Amino acid sequence: MTRRMLSPILAGALLLSAAVGAPAATEEEVGHVASVEGNAEIGRGGVFAAAATGDAVQLGDELRTTDGQIRVVFRDDSVLNLGPRTRLLVDENVYQPEQGRFSSVVRLLGGKVRAAVGKVYREPGASYQIETPTAVAGVRGTTFVVSFDDDSEVTEVVGIRGRVEVRSLDERLGDAVFVTAEQGTTVAPGEAPTKPTVLDPGIYRDRTGGMEIISLYGLGAVASGAALQGGSTVPEPDRAPLTTSKLNTLMDDLRDTTNVVGQPLPVVEGTRGRLGVPF
Amino acid sequence: MRRLALALAYLLAATGAAHASEESEALSARAQVAFERGDTAEGMRLFDAAVAADPNDALAVYQRGVAQAKQKRGAEAAADFEKALALRPDLDAAALELGILRVEEGRPEEAEPLLQQAERNPSLAGQANFFLGIARLRQDDLGGARTAFEKARAADPKLESTCRYYLGVIEYRQGNAGAAREHFVLVQEMAPQSAVGRESSAFLELLEASQGTGTQVYGSLSLQYDSNVVLAPAEGLPGPAISDQADGRVAINVGGVYEAWRNDWAALSVGYDFYQNLQFELHDYNLQDNRPTALLSMDLGPVRAGFLAQYDFYLLETSSFLQTVTTMPFLVVPEKEIGRTEIYFRYQWLDYLDTDFEILDGNDYGGGVRQVFALNEPGRELWAGFQVDNHDATQPGGDLYAYDGIQGELALLWPLPWTTTAQIGYRYRRESYDSASAAFEPMGEARLDRENRVGVAFRKDINEFLSFVASWIGTWNQSNKSAFEYDRQIGSLGVEVRY
């Protein structure tokens, strides 16, 4: 039902893109991976490959994370941070500054995404939407978090800055609601959005926490910290003191110097040294 | 009306700030892409632009700080992290990064509260506790460090091997040899090729040899074959002639080391070694050695130094044969990824108690350097050494046996599967004797010996207490004086125990 309602919209958008001479949807580069922490993949044509910082993101791509996070910056200056266990489809991205045409639709299939929407969407007629199987969140230059629970099929939208318009995917199910900073609303299957309420600070932090920073090099990576915690370097104070094997090496040199040809001492010298000593 | 205007102005200001934050976030993200492409200048320009777009965007300031730190601009990075924390005191990631910087700057006490803040954030708990452990280690708070490393490994499995290493270091410093060994063995298994893996091997060697753990006793029993037991020059010179007489024997070695004293940077160990071989047929060559030793070792930061003193008392059968006193100061210079350099000077006094051999009494002076190269895996090493030495006779007529020696050596130590280690080595030695040695046949020129020696050994560790050792040593001594030429092969099969 949901998909049937969505299809005409997408078809219209794609036709519009084609009409103004946009490249073929599946090859159109719409953004780049800005950073990745942990495991994240980009799916294209049904084939998924590990995502890396700098990778291109094309129209139609599916982004998914397992235990990691990924940050993508789009050509329209919108930034999406995907949390762990998240799947998201880049459905539409019209970016025509000369004509003043800006339109973006991404589809959240599960998990959580934080969106910082570029200022171009403040232009009249511009549209930025995050869709889930039960809801649509539309904005004009703001930051918010959308999550969709696969099991309960409930969508939750939490505002961080600005104002977000949230409605059920089925427009017949009541009016849209508007979520502002630190407010939240949920949309259950077949229901209208709940009335936005100001979230308890703890709940707000829980809903938005861990989504804002996907660091350039991973957290705790500054200076030599990464090498230290990765075990690829050991600072001098933490190293092993002089070992006896090293001394044995030296001591057996002494044995060698007692090698007085013509005396039985080589009997000792040649057979007493423990391994770790050449001779 | 005025109230309405104020409200509108406030609303516009608030909206402007929000827009600027989205702009700064996009610029930050573009900076990340630029950095990944290797365009550092563009990346920094974009980070600066992000901060300029919204000076109050703590995240942009934080991200720029990370980029600064990655470029080794510690002061600028710290300033950005401090600013980010001033803008958003709850920005735990900035507290973590600043805490790490403080640890690296040698200011662990300032790192502590920052890392404690980061520790309270579940997603940062692993890293924060790891660096809390390091900070406490630097402050000699071993108990606190242990707690932090335990929390770190529980919070982040990726930190397991590194935390295990530091837990081993703590146990070692507290004298808990068993617990330290357990940690180091696990690190060796988990990360054999990492720096912590290599250092764990070094600690295990240390533990095995009882340094810093109090007392160790050891012993070995081997069955040997010797192709040329009687290595004595020809008639008219001390002892019987080189006879090429082969024999088998049993060799027994028992010893122990006791650490008598230790402080933070030095330790004094004393030890005793007893050795006895029992020839199957050539009983006159049953040899006994009694060797007390004392070793002072010092950790002087970038250099380790020490002083070894040793006394040997030998008996042939039941007769006193030889006593020696040896002293050796040495330096060991560890080199981070390369290995280590060993430099030593040695003095030895030799006093033959058997009057037939008194002519060999004298002093040995020697000095050498050896470079040990670490080859990417614990226990895999290449050694290259050079030594010069001199034997100075003290008895009348002893100049016959005075010489200057040089030697070079090359050896490879290679771990094999099934806890087995192989070692192969080669040594070349040249001894130029005093002109008095021209008296040996053929007369006219001083004696010159050139010795080539090859050794191969395999050691199989059954457990931490027991090993089997098989070895072969071949020696070929060439001399311009035929009386001193000989070949010799020694094969040995033995078992070693230690506790």
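Me: How much of chain B counts as buried?
Reply: In this predicted model, 53% of the 499 residues of chain B count as buried.

Me: How many helices and strands are in chain B?
Reply: Chain B has eleven helices and 14 strands.

Me: What share of its contacts is between residues 24 or more positions apart?
Reply: Such pairs make up 51% of the contacts in chain B, counting those with a separation of 6 or more.

Me: Pick a helix. Where is helix 5 of chain B, and what should its span be?
Reply: Helix 5 of chain B covers residues 92-104. At 1.5 Å a residue, its 13 residues should span 18 Å, and the end C-alpha atoms are 18 Å apart, so the two values agree.

Me: Why call helix 5 of chain B largely enclosed?
Reply: Because twelve of its 13 residues are buried, the rest of the structure largely encloses it. Among the buried ones are Asp92(B), Glu97(B) and Arg102(B), along with Leu96(B), Ile100(B) and Val103(B).

Me: What follows helix 5 of chain B?
Reply: Gly106(B) follows, with a positive phi near 80 degrees.

Me: Next, Glu112(B). Buried or exposed?
Reply: Glu112(B) is buried, because its relative accessible area is 16% and the cut-off for buried is under 20%. Glu112(B) sits in helix 6 of chain B, residues 108-119.

Me: Which residues does Glu112(B) touch?
Reply: Leaving out residues up to four places away in sequence, Glu112(B) touches Leu132(B), Arg136(B) and Gln139(B).

Me: Changing topic: how many aromatic pairs are there over all chains?
Reply: The search of the whole structure finds 19. In one of them, the rings of Tyr403(B) and Tyr433(B) have centres 5.2 Å apart and planes at 50 degrees, so the pair is tilted.

Me: Which strands hold Tyr403(B) and Tyr433(B)?
Reply: Tyr403(B) is in strand 10 of chain B (residues 403-416) and Tyr433(B) is in strand 11 of chain B (residues 420-433), so the pair ties together parts 30 residues apart in sequence. Both tyrosines are buried.

Me: Which residues form an aromatic cluster?
Reply: One cluster is formed by Phe130(B), Phe131(B), Phe149(B), Tyr165(B), Tyr166(B), Tyr172(B), Phe184(B) and Phe203(B).

Me: Over to chain A. How many residues of strand 10 are buried?
Reply: Four of the five residues of strand 10 of chain A (residues 127-131) are buried, leaving the strand mostly covered.

Me: How does strand 10 of chain A run against strand 9 of chain A?
Reply: The two run parallel and are joined by five bridges; strand 9 of chain A covers residues 101-116. Ser103(A) stands opposite Ser127(A) of strand 10.

Me: And strand 11 of chain A, parallel or antiparallel to strand 10?
Reply: Antiparallel, over four bridges, with strand 11 of chain A at residues 135-139. Strands 10 and 11 of chain A form a hairpin with three residues between them, and Ile130(A) stands opposite Ala137(A).

Me: What lies 3.2 Å from a polar side-chain atom of Ser168(A)?
Reply: The backbone nitrogen of Asp170(A). Beyond its neighbours within four places in sequence, Ser168(A) has contacts including Thr134(A), Leu173(A) and Glu191(A).

Definitions and conventions:
Residues are numbered from 1 along each chain as its sequence is written. Chains are lettered from A and ligands numbered from 1 in the order in which they are written. This is a predicted model: local features need pLDDT of at least 70, side-chain atom pairs count only at pLDDT 80 or more; totals for chains, interfaces and linings use all residues. Side-chain values use heavy atoms; hydrogens and water are left out. The expected span of a helix is 1.5 Å times one less than its number of residues. Buried means under 20% relative accessible area, exposed over 50%, partly exposed in between (1.4 Å probe, protein chains only). Contact means heavy atoms within 4.5 Å. A polar contact is a pair of N or O atoms within 3.5 Å; within protein, one must be able to donate a hydrogen and the other to accept it, and residues adjacent in sequence count only if both atoms are side-chain atoms. Two strands pair if DSSP finds at least two bridges between them. Rings of Phe, Tyr and Trp (its six-membered ring) pair if their centres lie within 6.5 Å; planes under 30 degrees apart count as stacked, over 60 as edge-to-face and the rest as tilted.
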